[in-house]
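Hello,

Here is the structure I promised to pass on to you.

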Amino acid sequence: MIEPVNEIERGVTRKNYLSSIAPRWCPGCGSHALFKSLTDAFAELKIPNEKLAVISGIGCSSRSPYYVESYGFHSIHGRAPAVAQGVKLANPELSVWITTGDGDALAIGGNHFTHLMRRNPNIKLILFNNEIYGLTKGQASPTSYVGQKTKTTKFGNIERPVRPLSQAISSGATFAARLADTDGAQMTRVMVEAGKHKGVSFIEVLINCVIYADGVWEQVSSKQYKPENTIRLEHGKPMLFGVSSEKGIVLEGLRPKVVKIGENGITKENILVHDIHNPNLSYILANMTFPEFPMPLGIFQQLEQPCYDDLMQDQAQSVTAKLGEGDIFKLLKSGDIWRIDENGTVHSA
Amino acid sequence: MKDTKQLESVSVRFAGDSGDGMQLVGDRFATLSAGVGNDVITFPDYPAEIRPPVGSVGGVSGYQLNLGSHVYTSGDYADVLVAMNPAAVKANLGILRKGSTILANLDAFNDKNLEKAGFTSNPLQNGELKDYNVIGVPMVAEVRNALKGTSLGAKEIERCKNFFALGLTSWLLSHPVEPTLRWLEKKFQGKPDIIDANKKAVQSGFEFGERSELLTTRYAISKPAIRKKAGCYRYVIGNSAVAFGLMTAADRAGLRLFLGSYPITPASEILQELSGYKNFPITVLQAEDEIAAIGAAIGASFAGALAATSTSGPGLALKGEFINLAVIAELPLVIIDVQRAGPSTGLPTKSEQSDLFQALWGRNGESPLPVLAANTPADCYAATIEACKVALKYMTPVMLLTDGYLAQGAQAMRIPEPDEIPKIEVAARPSSPKDWLPYQRNKQTLARSWAAAGTPGFMHRVGGLEKEENSGKYTTDPVNHQRMVELRAEKIMRVAQEIPPSEIFGDPKGKLLVLGWGSTFGAIRGAVRRLHAQGLPVAHLDLRWIHPFPPDLGAILKRFDNVLVPENNLGQLNTKLRSEYLIKTETFHKVQGRPFTSVEIEERIRKILGA
């Protein structure tokens, strides 16, 4: 039995977005924190439950729709973007969110992922990146690091990992961000921004899989290492990092470089300033990989570009304004037709 | 004085280089024939390449039409070949009947063209064509003569030769030229020079027939004895008829139409046709692949649209996993498979019926869905509406099978008046959220209700995991799983409620029933009609529904001593018939990328009947 949500209460707190099924991720899994931030963001965005559609593929990430009090579709492996686009195009009023994982979005669903970004529909995609196949119990994923030992890479992974942000940005994502599952406040804030963004939003969340890849993100998401190993991206702010913000990034030509304030005459003014509206900069940031560079976290880019569902509606409106509303029976009678009368006589029209 | 010979039907093939305008005059001639009251079925025969070498056999573009009083196919053989060059003769010798008339464009039979077509000497002169009635017509010279003094250049004048051929063919088949003259005025509106030139070309072709001593006989073609239903008519190719059927069904159901599709031969015209109607409540997504195409359609169905996806066999193979998602999510969806010859890429431009097993059983798990087939190009319209109707009423994906032959072939279709197509019943929309459950079923149809995403109060989750009966929550309960597997199968069997009594053509019982499905209809009906008229005990039943079978089928089969099942596969329907009814049937197969000819069916029937 599904209880309808009371009109007055709707959208007030995250509780309004919890279905009768409690999340069943493993205790300690980063997905719990992500889910809390996601439902907090729904509440802050005050999305009416019936206007919310959560669409997923297969994997741990993709169980999310069952836990959200909304319209939900747990589809098939890798194909959530296809289903989500159908939902959005059939009812553009819906707020459509995809929950997916590194295997789902970037291996089996790589093609759909690319084209979702390219079309730029007003759809939000949250990638739970734990660098492992969790639900199938521990095989290598396309984001597994070189050398990672898994059930299918027993002697260490020899494949270069996909860089999800580089791929999203180069495919045309107009909103792109990376977050760590250990920073709930930032996750909520960025998800709210994604929700407000008109166009496709891509959010990679670094998820710790406590069972099959425990600690893969420790160097960048733990309290201990985070200040040293990550940059918190803020639009218009210099890219400083380190325990006392003593380090920063400068650009030498097109190459980023780590510098220390005060060394070699470097001052805060020399540090690269983040600009979320600069796609060249975001691409450079997306290609900064740890440990060579600190890992940037936050919003990489946000671009204003026409979104697909709007373009489709605009085109339909302008054609309709020109031709009038279509009528199938009139359409069939247009062109080369002939008429047969009651006597069987043929008249060409 | 010229003789006039009365014929029941005649098939004409226009053939020439890709640039000779054969499709245009073929189309025009078909409309003209229909306009004088003949039945007509047409089939284009394009080269596989987009721009094949000029004058080569591979570059011959053909347009075949069959017209007369009893027309079921585009013609087994050609009775008249209009050959614009030597290659057109070479390419079509195989389909000419002995004694056929060849109207050859003499001016194109020069050494260069003969060589390109692979002739070592001129077949018009060397006796190679002695079995045919060859009439060499200097078409280009005649057109030049007729257009003397016009403002057109030499090349433009020469280009009018296809309309000369049209005029001459009109004379040969006793068709008037006036409708063509009127049509030219519309077709080339604003180009008076072209209108004038083409009109003159048509007239000079017709007059050539009148005055030339080469032509001694013209034909008068019988009109159908059964008066056609009054109304407006038009030509449709099967693929367009599918598109129009989807549009009509959406209109009658009051729903937005959503098509997710990916280009594939020979189905692409469905996607192309529907892409042209932005002023209709239609959303078309040309997806990145076959999988995304159906996925988007399923998403649109979840959000309340009448959703469809169109493809051919290789695409259907890719869609299998998503079809199953629609099966378990119990969402309405129409899947159109325009079959082509397989396996793998096979013969992409050639027709076959070999996807039946794939349509019925080509998925993991117990995956029942209704399967139906269209049997003529115009029937694609009605079959599509029927598919939509069942999908919406039973909340299920429905598979509609057509094939390359139906898809590309054209036929006159009566345009229905809006009130002739009843409103389409949509599975109940839930009215009150109180006590509503997503997988509660209608007692008669077993369909669940359809709460489209966006409807206040009915938020729910669907997906590929097994559902608990009624609540729709996911569960691994073993007993529930068996119950749901059985319920889904039973729901599809109930579609039989929608199937009207079967119409048997010929004797309702007796010696031999020829049972077919899909595009074999024309060849079988033509053969059975002729033999039955000769007094042979033979009947024809064409199956619209292959799953479920019509409720009366089992009893009908038992009334016949023999059942012959011709198929363009190795006997796929035959397998299903035998397994469901435990009867002896005889399969008859042809898998050459070409349809059966009526003659082939006739011969097989005679063999069985010993007649």
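Let me start with a residue in a loop: B:Ser174 sits between α6 (161-172) and α7 (178-187) of chain B. Please keep in mind that this is a predicted model. B:Ser174 is not a glycine, yet its phi is positive, at about 60°. Most residues other than glycine have a negative phi. With a relative accessible area of 32%, B:Ser174 is partly exposed.

B:Glu330 also has a positive phi, about 50°, without being a glycine. You will find B:Glu330 in the loop between α12 (313-329) and β13 of chain B. Is B:Glu330 buried or exposed? Its relative accessibility is 0%, so B:Glu330 counts as buried.

Next come two peptide bonds to look at. Most peptide bonds are trans. The bond between B:Gly342 and B:Pro343, however, is cis, with an omega of about 5°. B:Pro343 belongs to the loop that runs between β13 (333-339) and α13 (356-361) of chain B. Another cis peptide bond links B:His547 to B:Pro548, and here omega is about -5°. B:Pro548 is in the loop between β21 (545-547) and α18 (553-558) of chain B.

Now for a pair of helices. The axes of α11 (residues 290-302) and α12 of chain B come within 8 Å and cross at roughly 25°. Angles under 35 degrees count as roughly parallel, and so α11(B) is roughly parallel to α12(B). Their crossing is right-handed. On the α11(B) side, the residues that make the contact include B:Ile291, B:Ile294 and B:Ile298. From α12(B), B:Leu318, B:Phe322 and B:Leu325 are among them. Sorted by class, this contact has nine nonpolar, two polar and two charged residues.

Finally, the overall layout. Which domains is chain B divided into? They are domain 1 (3-221), domain 2 (233-420) and domain 3 (505-609). Taken over C-alpha atoms, the centres of domain 2 and domain 3 of chain B are 26 Å apart. These domains also touch: 29 residues of domain 2 of chain B are in contact with 21 residues of domain 3 of chain B.

I hope this helps you find your way around.

Best wishes

Technical notes:
Residues numbered from 1 in each chain as written. Chains lettered and ligands numbered in written order. Predicted model: local features only at pLDDT ≥ 70, side-chain atom pairs only at ≥ 80, totals over all residues. Heavy atoms only, no water. Helix = DSSP H or I, 4+ residues; strand = E, 2+ residues; numbered from the N terminus. Buried < 20%, exposed > 50% of the residue type's maximum accessible area, 1.4 Å probe, protein only. Axes fitted to C-alpha atoms, helices over the stretch in contact; angles between N-to-C directions. Parallel < 35°, antiparallel > 145°, perpendicular 65-115°, else oblique. Left-handed = near helix turned anticlockwise from the far one by under 90°. Contact = heavy atoms within 4.5 Å. Nonpolar A, V, L, I, M, F, W, Y, C, P; charged D, E, K, R; others polar. Domains from an automatic or database assignment.
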